[in-house]
Amino acid sequence: MTVAAVHCHRHRAPLLRPFVTAARRTEAVEYVVAEVELTGGAVGQGSAAETVAVTGESAQSIAAALAGPLRAAVEGATDTVAGHSARIAAALEGATSAKAALEVALHDAWARAAGRPLVELLGGDVHGRLRNDMTISLEDPAVMAARSREAVTGGAEILKIKLGRDVALDRERLSAVVEAAPQARLRLDANQGWLPAQAIEIITGFTQAGLPVDLVEQPVAAEDLDGLARVTAAVDVPIMADESVWSAEDARRLTDAAACDLLNIKLAKTGGLRGALAIADVAAEAGIECMLGAMMEPRISVTAAAHLALAHPAITMIDLDPPAWFATSLPRGGYIQEGAWLRLTGGPGLGLEPLPPGAPPAPGGEH
Ligand SMILES: [Mg+2]
């Protein structure tokens, strides 16, 4: 396939309410849409959101990477889809969100040209479905309790609870959530907020209290693999690496050291679908399962993640609620959520309507 042209356009989408973690607070999302046009006329789109606190990328740097070295790496080139992915990966250091936007756009165009849903070309089943979760931001216990109650009323069966700034307050937060939503399964995410000894103490406390905690994400600093391994060995709850795993090499380092029980894959960290599948392959070899997550990203990115999640057997969990946070619901299509379950709409490529440059926000989310 030959890439005829690469374009990008910037968008800004307000959130329905602020998204707060131990690392950041977000009220509106700046994002860039990458567009790939093939010589046969098929056009695909991918997107990347500004996440300076996580990937170090601003909307400006994403747009600059796309318009500069990333565009130069593929525009006018003829290669296989995997070959184009490799060109994107090698085009510059870092810029993983920008790379993901272009690599997803390339795959969307490829699948549209073939007239098939992307998930099928990746080896998965377009009729598959996965149980989604709903994230509860890091707030005062009473606010988190109210949000949890609201999420369960809205159909959520799994809540992802953001913790990790103050251990005593974290205990209060979790108690309030459990009281408000006693039937919900819980995923906890400390976003690197605890020290290893604190993590062991607090997680052991949750276990002893019999709380319905399915996993704890990234309890300690990303680079502290020894600490992560110590927590994993000391507690009964499965520990998931997130900020510690960006690549298949990271995944191998983690699994070799038995530093975690689970991996969280995000396209914005891996630089696209091929890097994500490589992590899932490492996980499958090591006999561990993965969750497919996302940054606070728009619908195009999350639809790509949903196709990927249904394409690899090692990916058994999803954390793909970001579009439910957006005050806008464009573009249409891609996936739908029925109660707690997410499934694809089908159609060629990602199954989304193209998002035009300067598209005005549509009022109201769909969730
Ligand atoms: Mg996380």
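Leaving aside residues up to four places away in sequence, Leu66 touches Cys8, Val32, Ala34, Arg71, Ala98, Ala101 and Leu102. Keep in mind that this is a predicted model.

So where does Leu66 sit? The largest nonpolar core has 119 residues, and Leu66 is among those that touch the most other members, along with Val32, Ala101, Leu102, Leu159 and Leu263. Helix 4, residues 96-114, supplies the largest share of this core, with 10 residues. As general background, nonpolar side chains in soluble globular proteins tend to be buried together.

Now, the two domains. Their centres, taken over C-alpha atoms, are 23 Å apart. The contact takes 35 residues from domain 1 and 32 residues from domain 2. On the domain 1 side, the elements giving two or more residues include strand 1 (3-20), strand 2 (25-38), helix 3 and helix 4. Which one gives the most to that side? Helix 4 again, with nine residues.

If you want to find the spot on screen, look for Val81, His84, Ser85, Ile88 and Ala89 in helix 3, meeting Lys99, Leu102, Glu103, Leu106, His107 and Trp110 in helix 4. Leu102 is in that list, and Leu102 also touches Leu66, where we began.

Definitions and conventions: Residues numbered from 1 in each chain as written. Predicted model: local features only at pLDDT ≥ 70, side-chain atom pairs only at ≥ 80, totals over all residues. Core = buried A, V, L, I, M, F, W, Y, C linked by C-beta atoms within 7 Å. Buried ≥ 20, exposed ≤ 12 C-beta atoms within 10 Å, placed from the backbone. Helix = DSSP H or I, 4+ residues; strand = E, 2+ residues; numbered from the N terminus. Contact = placed C-beta atoms within 7 Å. Domains from an automatic or database assignment.
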